[in-house]
Amino acid sequence: MRTFPRRVAVQEQQDRLMHELDRVEVRLQQWIASSPQNARWFRRDPIAAMRAAGLGIDDELMCELDLIMSGIARKVRKS
């Protein structure tokens, strides 16, 4: 099977994103639970809330997550 460099790069980026989300999951949950305002913020705009929580996720990965979530939201609205 032939592997395409672009696919490998995308997969590596997704693996890195999943690793980072796993790394910060407990801290994010604690931040969300720490106040009703944080919980509302996360429901309304999860990317902005995650940035405000100061989780230390690389901005490039946050942009990637934003693109993924926007794509999912578009698909949900279409259905």
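Me: Which helix does Ile68 lie in?
Reply: Ile68 sits in helix H4. Bear in mind that this is a predicted model.

Me: Why is Ile68 called partly exposed?
Reply: Its relative accessibility is 31%. Buried means under 20% and exposed means over 50%, so at 31% Ile68 counts as partly exposed.

Me: What makes Ile68, Ile72 and Val76 a patch?
Reply: They form a nonpolar patch on the surface, with about 250 Å² of accessible area together. Nonpolar side chains get joined within 5 Å, and each residue needs over 30% relative accessible area. Ile68, at 31%, passes that cut-off.

Me: How do you know that Arg16 and Asp58 form a salt bridge?
Reply: Their closest N and O atoms are 3.5 Å apart. The cut-off is within 4 Å, so the pair qualifies. Arg16 is in helix H1 and Asp58 in the loop between H3 and H4, so the bridge ties together parts 42 residues apart in sequence.

Me: What about Glu20, buried or exposed?
Reply: Glu20 has a relative accessible area of 14%. Buried means under 20%, so Glu20 is buried. Its side chain meets that of Arg23 in a salt bridge, 2.7 Å from N to O. Both lie in helix H1, 3 residues apart, about one turn of the helix.

Me: And why is Arg23 called partly exposed?
Reply: Arg23 comes out at 40%.

Methods. Residues numbered from 1 in each chain as written. Predicted model: local features only at pLDDT ≥ 70, side-chain atom pairs only at ≥ 80, totals over all residues. Heavy atoms only, no water. Patch = residues over 30% accessible without salt bridge, like charges linked within 9 Å, V, L, I, M, F, W, Y side chains within 5 Å. Areas by Shrake-Rupley, 256 points an atom, 1.4 Å probe, with all protein chains shown as cover. Helix = DSSP H or I, 4+ residues; strand = E, 2+ residues; numbered from the N terminus. Buried < 20%, exposed > 50% of the residue type's maximum accessible area, 1.4 Å probe, protein only.
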